[in-house]
Amino acid sequence: MIEELEIILETTSKILQKHVNHSLRQNIVSENTDILNLWNDIEKNGLPKISVKEKFGGYEIPFFSILPLIKIVNNHGTPLPLSETILSNYILSESDINPPNGIVTFTTNTKNLQIKNNMISGELLSVPYLNLTKNLLIVHELNNVKKAILIDEINGEIINKKNFLAEPRYNIKVENLNIAEIRPIKNSIDFNFLGAILRSAQMIGAMEKILDLSINYCSERKQFGRALSKFQAIQHQISEMAVELSASSAALSTITELGLGEKNSNDAAILKIRAGFAAGKIIAISHQVHGAIGFTKEYELSYFTKNLNSWRNDFGNESFWEEFLGKKFLEKNNKNLWEYLT
Amino acid sequence: MSKFNFPFVKETNELSNLRKEVREFITTCINNDEFTPSPDAWVFSADPSFSKKLGSKGWLGMSFPKEYGGHQRTALERYVVTEELLSSGAPVAAHWIADRQSGSQILRYGNEKQKSSIIPRITAGKCFFAIGMSEPDSGSDLASVKTKATKTKNGWKLEGRKIWSTGAHLAHYMIVLARTSSASEKNRHEGLSQFLVDLSLPNVKITGIPDMTGQRHFNETLFDNVELSDDSLLGEEGKGWKQVVGELALERSGPERFLSHFTLLDSFINEFRNSLIHSGTKIVGKLISEIQTLRRMSFSVASMLQNDESPETQAAFVKELGNKFEKMMIETLREFSNIVPLHEWPNQLQNLFEDATLRIPSNSLRGGTTEIMKGIIARQLGLR
């Protein structure tokens, strides 16, 4: 399986190198044939269903093992919700729903949601890339049971379109929309944890890119007669980026290796805290060392920093997970800290 | 960035059992009043009899080969033992440097006589070391050392002074970095060599320097034309820089870079558990996330050492993050005093806190400053 995954990673890098460039990122609409071509190549290689069960036509590679793929996709700044599709399809498949072809986006954020006669009404909030797909996974709790709700013909009134940050996000009001499938989600799957892990892996991919951009820019840009990278003040700032990034990557590889179980749910919380914190540092420092050029739309840095700003707030920010960790330790046991940690 | 990976390493059941064994031993020691947990114990709290006891338990020189009295266990096993000792504030300062770096350095570069005469005593907890790197005019700029070793008929003559030599007044040996020939214009790292110096030799003069806490661990060590035997040279003449860089990886990557004040945190949480449940879950969560990440990274470096890799850069990452965490931890506890004012804390906790506040500036100086760590990282990133 590891060999299989390595081949997939290599193929993915090639596809993304071929298609993704900064002008593509500035025209994320379904009419853009370049976007369509990219998606077709992605789909042809089976990436959307990489963690889907074989019986539904997937590769059935465990979700946690494919986190390196999520990293690569976002390291390239791919302007498509492949990460969202992979996670949605995984949840669908685990809930015994055959995932549809094409892009699948997700949301857990809803307002006044009502389900009657296999139809759904209410507001769906902060849905990524709704402009590119009709397929939507809603994760929603009904009578204390978490349900996976698949919509395959999403349709409604757009009440807010957010595009301050890099990815398109929509709030949409739907009325009596047909539900394609609805099934309970296994107890072992917690979408909030998986979402936090997904966003962390995406952030780490993006942060690696930002570090590379910063190193390259500072090595080329000359001021006061020498490259910026020769100034100790700059070197130390970039080192700080690398230090925070390495801590996040270490936290990510724990999850990649162990997966997510009862015993190590703390590791997922730690990952989101580290990645979110690192993102804050890295956004600030990378823009600082880039100067004004980094603040332009043309230069690609901002695509990555904008996404970081968006992802670090999804599925619980640092404070949310710090509270989670602290509460869990303080309330649920009487061990002293060291015993608890080890 | 791929070269700065910290691969995940699992703590096996065997390691967890070892952890338990060490913990039980420490609890017994504390219950028998053999030591009082203290902060920064690996620098400040030396107890040769405790070191000997650890030696007889087989917990010193753990990874050293059996033929030299070692136990041929892994760097990961040693890691687990050191974590337990540090987190309980045990008096480990006497043997710390010998066990952490000097022993490995001798095993790696030493000749047969050096190995067979010294290593068994280190593993027994009877032979202690001091570090001979810094000098009055060479702090961060280590390559500028002026201590000189000159070849004589029977060996070497050592002249110069080393400073900030922690524990030299208790140590039997010091590994001294000295110039054996002048640096070439292109490469100032050339012409340096390491020497294994017996501190009981004539003309070695050790003077204590009280630090700002008033305690003595610092020393100045003067070598006033000390006659060294021929086999005092450690490793190869002129290769001292390369050797010392490897030694620093051992020095920087361990859990002492983030567990020096763990006893304070532990007592703090035990004391204020109930208030923390109401108004401090977030800060406790933050601290847990920091410690666990650091443990995870430091353990990974231990595994790199076990595999004979050279994790000098990764060690710098651990030290830098660890130092930052410890400073942040003390600030976090200080902020909590708006909920329970400091003067209402139990005396012992107040003392621990003030002590930590006093000592904390040194954590990002010893073993290489923050600036040096960032410089090392910047070099690896291709910036210098």
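This is a predicted model: local features need pLDDT of at least 70, side-chain atom pairs count only at pLDDT 80 or more; totals for chains, interfaces and linings use all residues.
User: What joins to β7(A) besides that, and over how many bridges?
Analyst: Strand β6 of chain A, residues 157–162, runs antiparallel to β7(A) with 5 bridges. Within β7(A), Lys173(A) has Glu157(A) opposite.
User: What about β2(A) and β3(A), how many bridges there?
Analyst: 5 bridges, again antiparallel. Lys111(A) faces Glu123(A) of β3(A) across that pairing.
User: So what is the strand order in the sheet?
Analyst: The order is β2-β3-β7-β6 in chain A, an open sheet of 4 strands with antiparallel pairing. At the edges are β2 (110–116) and β6 of chain A, each pairing on one side only. On average, neighbouring strands of this sheet are turned by 20° against each other, direction ignored.
User: Different topic. Where does Asn216(A) lie?
Analyst: In helix α6 of chain A, which spans residues 191–220.
User: Is Asn216(A) buried or exposed, and why?
Analyst: Asn216(A) is exposed, because 12 other C-beta atoms lie within 10 Å, and the cut-off for exposed is 12 or fewer.
User: How far apart are Asn216(A) and Ser229(A) in space?
Analyst: 8.9 Å, C-alpha to C-alpha, with the two residues 13 apart in sequence.

Methods:
Residues are numbered from 1 along each chain as its sequence is written. Chains are lettered from A and ligands numbered from 1 in the order in which they are written. Helices (H or I, at least four residues) and strands (E, at least two) are DSSP runs, numbered from the N terminus. A residue is buried if 20 or more other C-beta atoms lie within 10 Å of its own, exposed if 12 or fewer, and partly exposed in between; C-beta atoms are placed from the backbone. Two strands pair if DSSP finds at least two bridges between them. Axes are lines fitted to C-alpha atoms, for helices over the stretch in contact, and angles run from 0 to 180 degrees between N-to-C directions.
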